[in-house]
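I opened this notebook to record what I looked up in one structure. The entries are grouped by topic.

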Amino acid sequence: MKTYIVLLRGINVGGQKAIKMTQLKEMLLGMGYTAVKTYIQSGNIVLKSRESSLRTLSKSIKKGIQHTFGHEVQVLVKTPMELEDIFNKSGFEKLIESESKKCYYVMFMEPPAKELALQIQQQQFPNEHFMITENCVYLSCDLGYGKAKCNNNFFEKKLQLAATTRNHRTVKKLLELAEMY
């Protein structure tokens, strides 16, 4: 059994795509996944599976959510090693707690087109700084994510792909939960 970190995009936001974590956990256990742990209400899951294909695992969970809850949800699956690599390359890990609250990871379902990423890199926004890589945007929002122009929807539109965003604290906690297995 391998450990995976699963990130759901856009659930329980503003009353949209409501999914209770207890019901999500029951669904995943019923699908044969084990050691299922959820973290906060925004669709953060650590679980074990015999499946070795991230794509197959993502499709299976997406289909289960559609069947059980009736919601079309993007599902991003990472190994703990992949998420740790994203975390370690961020430059955020050494920040003090008050500074890390301004740091976000916009993770892609697939790599962005290089020409689109280069176009966006040329743009600048007051109080917002970002760096685009092949699997993530490292985003720092001096005034907080709620006031940011460079949010998840911005990057999805500009890069023409699906993404999901997590703050620094959540990524760190998911890595800690994955180490418990």
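**Conventions.** I note that this is a predicted model, in which local features need pLDDT of at least 70, side-chain atom pairs count only at pLDDT 80 or more, and totals for chains, interfaces and linings use all residues. Residues are numbered from 1 along each chain as its sequence is written, and side-chain values use heavy atoms, with hydrogens and water left out.

**Cysteines.** I looked for disulfides, meaning pairs of cysteine sulfur atoms within 2.5 Å, and the count was 0. For Cys 103, the closest cysteine sulfur belongs to Cys 141 and lies 8.4 Å away, so the two are too far apart for a bond. For Cys 136, the closest is that of Cys 103, at 11 Å, which is also too far for a bond. I then checked burial, where buried means under 20% relative accessible area, exposed over 50%, and partly exposed in between (1.4 Å probe, protein chains only). Cys 103 counts as buried at 2%, and Cys 136 is buried at 0%.

**Strand 4.** Helices (H or I, at least four residues) and strands (E, at least two) are DSSP runs, numbered from the N terminus. I found that strand 4 is covered on both faces: Val 75 and Val 77 are buried on one side, and Leu 76 and Lys 78 on the other. Strand 1 (residues 2-8) pairs with strand 4 in the antiparallel sense over 4 bridges; pairing requires that DSSP finds at least two bridges between the strands. Val 6 has Val 77 of strand 4 as its bridge partner.

**Leu 24.** I located Leu 24 in helix 1 (residues 21-30) and found it buried, at 0% relative accessible area. Its contacts (heavy atoms within 4.5 Å) beyond four places in sequence include Leu 8, Ile 65 and Phe 69. The C-alpha atoms of Leu 24 and Phe 69 are 8.9 Å apart, although 45 residues separate them along the chain.

**Core.** A nonpolar core joins buried Ala, Val, Leu, Ile, Met, Phe, Trp, Tyr and Cys residues through side-chain atoms within 4.5 Å. In the largest one, of 20 residues, those touching the most other members include Leu 24 and Leu 47. Strand 1, helix 1, strand 3 (44-49), helix 2 (54-69) and strand 4 each give two or more residues to this core.
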